[in-house]
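Here is a walk through one chain, written for someone who likes to know the cut-offs behind each label. Keep the viewer open while you read.

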Amino acid sequence: QVQLVESGGGLVQAGGSLRLSCAASGRTSSNYDMGWFRQAPGKGREFVSTISRAGINTYYADSVKGRFTISRDNAKNTVYLQMNSLKPEDTAVYYCAADYCANRGGCALKVRSVDYEYWGQGTQVTVSS
């Protein structure tokens with residue numbers, strides 16, 4: 001079992017920045033690829049970004065590329081999502097997720113929510129215009 005707890009959400013004006021954190025506990029989080037997803041009211045859960053277990057590989061949705069940066073500190077069992085140049089359409093509940101990767105050389109990064117085994121409770125991000 002892996003427990004994930006997100007933090008760092010809040011209300012920010014358009015053009016502003018926020019940094020989300022996801023603290024992992026339980027099984028060794030460095031064995032997991034980590035992802036961020038978001039869900040806006042009335043919409044499905046949307047992929048945002050993912051990072052490999054060692055932090056070497058990352059991947060972003062086109063909608064956030066160049067504005068968001070994912071990173072991780074395995075010594076602290078924490079994954080981050082730095083969000084810059086925020087837009088009103090970024091408003092959503094942001095979720096952290098973990099996907100087990102047994103291969104020390106890395107696994108194919110996943111963009112589908114169904115491929116992630118563990119989820120946090122989410123943190124609200126609201127961007128005002």
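Ser-85 turns up in the loop between β8 and β9, where strands are DSSP runs of E of at least two residues, helices are runs of H or I of at least four, and both are numbered from the N terminus. Ser-85 isn't a glycine, yet its phi is positive, at about 50°. With a relative accessibility of 41%, Ser-85 counts as partly exposed; on this scale buried means under 20% relative accessible area, exposed means over 50%, and partly exposed is what falls in between, using a 1.4 Å probe and protein chains only.

Before going further, a word on what you're looking at: this is a predicted model, in which local features need pLDDT of at least 70 and side-chain atom pairs count only at pLDDT 80 or more, while totals for chains, interfaces and linings use all residues. Residues are numbered from 1 along each chain as its sequence is written, and side-chain values use heavy atoms, with hydrogens and water left out.

Asn-77 lies in the loop between β7 (68-73) and β8, and at 29% relative accessibility it counts as partly exposed.

The structure holds one cavity of 30 Å³ or more. A cavity here is a set of points on a 1 Å grid over the protein atoms alone where a 1.4 Å probe fits but cannot get out, and lining residues have an atom within 4 Å of a point. The largest cavity has a volume of about 50 Å³, with volume being the space filled by probe spheres set on the points, which are joined across faces, edges and corners. Which elements give two or more residues to its lining? They are β3 (18-26) and β8 (78-83). The lining itself is made up of Cys-22, Ala-24, Ser-29, Met-34, Arg-72, Asn-77, Asn-74, Thr-78 and Val-79. Sorted by class, that gives four nonpolar, four polar and one charged residues; Ala, Val, Leu, Ile, Met, Phe, Trp, Tyr, Cys and Pro count as nonpolar, Asp, Glu, Lys and Arg as charged, and the others, Gly among them, as polar.

Val-79 gives a handy distance too: its C-alpha atom and that of Arg-38, 41 residues apart along the chain, are separated by 15 Å. Arg-38 is found in strand β4 and counts as buried, at 5% relative accessibility.

Now for the rings. The count comes to eight aromatic pairs, where rings of Phe, Tyr and Trp (its six-membered ring) pair if their centres lie within 6.5 Å, and planes under 30 degrees apart count as stacked, over 60 as edge-to-face and the rest as tilted. Two of the pairs share Trp-119:

| Pair | Centre to centre | Angle between planes | Type |
|---|---|---|---|
| Tyr-95 and Trp-119 | 6.4 Å | 75° | edge-to-face |
| Tyr-116 and Trp-119 | 6.3 Å | 65° | edge-to-face |

Tyr-95 is buried, with a relative accessible area of 13%, and Tyr-116 counts as buried at 5% relative accessibility. Trp-119 is partly exposed, with a relative accessible area of 26%. Phe-37, Phe-47, Tyr-59, Tyr-95, Tyr-116 and Trp-119 form one aromatic cluster.

What sits over the ring of Tyr-95? It's the charged end of Arg-45, 3.9 Å from the ring centre. The charged end of Arg-45 also sits over the ring of Trp-119, 4.7 Å from its centre. The rule asks for NZ of Lys or CZ of Arg within 6 Å of the ring centre and within 35 degrees of the ring normal. Arg-45 is found in the loop between β4 (32-39) and β5 (46-51), and it counts as partly exposed at 34% relative accessibility.

Finally, the whole chain. Its secondary structure comes to zero helices and 11 strands. Buried residues make up 43% of the 129 residues. The C-alpha trace spans about 45 × 30 × 25 Å along its principal axes.

Key
1 Å grid on protein atoms, 1.4 Å probe; cavity = no way out; pocket = protein on both sides within 12 Å on 5 of 7 lines; lining within 4 Å.
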